[in-house]
Protein chains: 2
Amino acid sequence: MGREASFGEFVRSCRELKADGGEKGFSLRKLAERVGIEPSYLSKIERGQQPPPGEETISRIAEELGEDPDVMLAMGGKVSSDLLEVIRSRPRLFADLIRELKNTPDKAVLRLVREVRDGEW
Amino acid sequence: MGREASFGEFVRSCRELKADGGEKGFSLRKLAERVGIEPSYLSKIERGQQPPPGEETISRIAEELGEDPDVMLAMGGKVSSDLLEVIRSRPRLFADLIRELKNTPDKAVLRLVREVRDGEW
DNA sequence: CCATTTGTGTAGTATTTACTACACACTACG
DNA sequence: CGTAGTGTGTAGTAAATACTACACAAATGG
């Protein structure tokens, strides 16, 4: 129940911030409509009464709320399927890399990302 | 049907190699017993008539056949849950890294893995 | 030739996932 | 005051997931 609740709480707080922030159109019902799900379903999700929805739905919620889809997916206990695809294409390589980086501090990983991006090798 | 079939074919060929290689105890039934599933189920999986089994079962099959679990999971269209856990713990970091590495050649990724392992930073 | 072992066919099932549909009560506002 | 919009409760469902149980026919082996 822990993860479901925190996911829902996060969605709700994001939505209420948007709503209070003058940007109208973020009542529970409006968000549900924009995302394409039933209001009652979203209500249950926000209160942790229902587990987080599917990947597509989480991504659409994140998009509507201006949040990072990967972060929101993570809170929902999922990982974007395009990332899974990358891993599955070269499982040995990525399994090793990710396990190696498991206990590596953020800073070092971040540096690695930049190294790769800038092609410093 | 493509992925399911190739997964099954791979399992079958591994098993038959083991069986023909003198190492007894790798008939379909024996493997099924060792893994803890019904023979008929394994039979259908090997022939691609049934989609690949769950993560735990795939891992046990790989273990029994002396194959790499990550590779076998990948063939079954899955990614080990411990890797997912690592990604979910720092989604922004790992999402960026993995997408960055999507089109990076094996050699370069491998070098990265070694760099991390040897702590060259 | 009889018992065992082998792979396979058929017919299910329990659980999880990812939702919908509709009715209800409360509040707000014009 | 009514009506529009708000969140929520109840009661479902279709499809996917991950299997089991049992029976059968062909091959194998002592």
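Which residues are closest to DNA strand D, and how many surround it? I counted 23 residues around DNA strand D, and the closest are Arg12(A), Leu28(A), Arg29(A), Ser43(A) and Arg47(A); a residue is near a molecule or strand if one of its heavy atoms lies within 4 Å of it. Of the atoms of DNA strand D that come within 4 Å of the protein, sugar and phosphate make up 54%.

Before going on I noted that this is a predicted model, in which local features need pLDDT of at least 70 and side-chain atom pairs count only at pLDDT 80 or more, while totals for chains, interfaces and linings use all residues. Residues are numbered from 1 along each chain as its sequence is written, chains are lettered from A and ligands numbered from 1 in the order in which they are written, and side-chain values use heavy atoms, with hydrogens and water left out.

From chain B, the side chain of Ser40(B) brings an N or O atom to 3.0 Å from a base nitrogen of DNA strand D.

I then asked which elements supply this surface, taking helices (H or I, at least four residues) and strands (E, at least two) as DSSP runs numbered from the N terminus. Helix H1 (2-20), helix H2 (28-35) and helix H3 (39-46) of chain A, together with helix H3 (39-46) of chain B, each give at least two residues, and the largest share, four residues, comes from H3(A). By class I found five nonpolar, nine polar and nine charged residues near DNA strand D, where Ala, Val, Leu, Ile, Met, Phe, Trp, Tyr, Cys and Pro count as nonpolar, Asp, Glu, Lys and Arg as charged, and the others, Gly among them, as polar.

Around DNA strand C I counted 23 residues, and the closest are Arg12(B), Leu28(B), Arg29(B), Ser40(B) and Arg47(B). Gly54(A) uses a polar backbone atom, 2.8 Å from a phosphate oxygen of DNA strand C. Two or more residues of this surface come from each of H3 of chain A and helix H1 (2-20), helix H2 (28-35) and H3 of chain B, with the largest share, four residues, from H3(B).

**Entry: charges over rings**

I checked for charges over rings (NZ of Lys or CZ of Arg within 6 Å of the ring centre and within 35 degrees of the ring normal). The charged end of Arg34(A) sits over the ring of Phe26(A), 5.5 Å from its centre, and Arg34(B) lies over the face of Phe26(B), 5.4 Å from the ring centre.

**Entry: chain A as a whole**

Chain A has eight helices and zero strands. An automatic or database domain assignment divides chain A into domain 1 (2-79) and domain 2 (90-118), whose C-alpha centres lie 30 Å apart. Along its principal axes the C-alpha trace of chain A spans about 50 × 30 × 25 Å.

Definitions and conventions. Polar contact = N/O pair within 3.5 Å; in protein donor to acceptor, adjacent residues only side chain to side chain.
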